[in-house]
Amino acid sequence: VWAPRPSTGPHKLRECLPLIVILRNRLKYALNRREANAITMQRLVKVDGKVRTDQCFPAGFMDVITLERTNEIFRLLYDTKGRFVLHRITAEEAKYKLCKVKRAQRGPRSVPYIATHDGRTIRYPDPLIKEEDTVMVDIQSGKITEIVKFDIGNVVMVTGGHNIGRVGVIQSREKHPGSTEIIRIKDARGHDFATKKANVFVIGSGTKPLVSL
């Protein structure tokens, strides 16, 4: 099977959808590669508020894709089979996105910064923000507007592994020194499952998610 290889960009090769797949295979706005290229080159597609003309640009989890010509806004989420879903959202919800904090460190001249799952570097963050937390980022300004801690009782979505796409509430954390931390999660139906800490993406405090699902 021939598939378009995503360009290098903010998301990992295995965890993204190139724009051509979204336009041609999912939304069916283009019949072939040439038409998908014509759409992107007319500067009609925005990812996280920026025009992207590369048809293989990698759009990934939590990205906001805007097509102003059709007045459609989508957020990329996972379904329970681990496939990407274009979830329609309102213009109000399209103003922000959730980013998981991958690193919280100090840079040159000991400037504190955080690095997020979608390749953003945010300098001088709130000192309460730690790794694995989730921050709500205003897409227009790139500023942090809200913090959700990685805590028991918060609602999460699983972004990797066998349970990918499942949503639930953190029940407990099992620390295994020298190995990966295991998180136990309970979904809305009351089923328990466990996954690695790296696969867990907090999407809201308490049981109320910050994004529509």
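A: In this predicted model, the secondary structure of the protein consists of two helices and 17 strands. The radius of gyration is 18 Å, close to the 17 Å given by the globule rule for 213 residues, so the protein is as compact as a globular protein of that length. Along the principal axes, its C-alpha atoms fill a box of roughly 50 × 45 × 35 Å.

Of the 213 residues, 46% count as buried. Thr116 counts as buried because its relative accessibility is 6%, and buried means under 20%. This residue is found in strand β9, which covers residues 112-116.

The surroundings of Thr116 may be described in two parts. Through its side chain, Thr116 makes a polar contact with the side chain of Asp118, at 2.4 Å. When neighbours within four places in sequence are left aside, Thr116 is in contact with Cys99, Lys100, Val101, Lys102 and Ile122.

For the protein as a whole, contacts between residues at least 6 apart in sequence include 44% that join residues at least 24 apart. The accessible surface comes to about 12,000 Å², and carbon and sulfur atoms account for 50% of it.

Technical notes. Residues are numbered from 1 along each chain as its sequence is written. This is a predicted model: local features need pLDDT of at least 70, side-chain atom pairs count only at pLDDT 80 or more; totals for chains, interfaces and linings use all residues. Side-chain values use heavy atoms; hydrogens and water are left out. Helices (H or I, at least four residues) and strands (E, at least two) are DSSP runs, numbered from the N terminus. Buried means under 20% relative accessible area, exposed over 50%, partly exposed in between (1.4 Å probe, protein chains only). A polar contact is a pair of N or O atoms within 3.5 Å; within protein, one must be able to donate a hydrogen and the other to accept it, and residues adjacent in sequence count only if both atoms are side-chain atoms. Contact means heavy atoms within 4.5 Å. The radius of gyration is taken over C-alpha atoms; the globule rule is 2.2 Å times the number of residues to the power 0.38. Accessible areas come from the Shrake-Rupley method with a 1.4 Å probe; for residues, only the protein chains shown count as cover.
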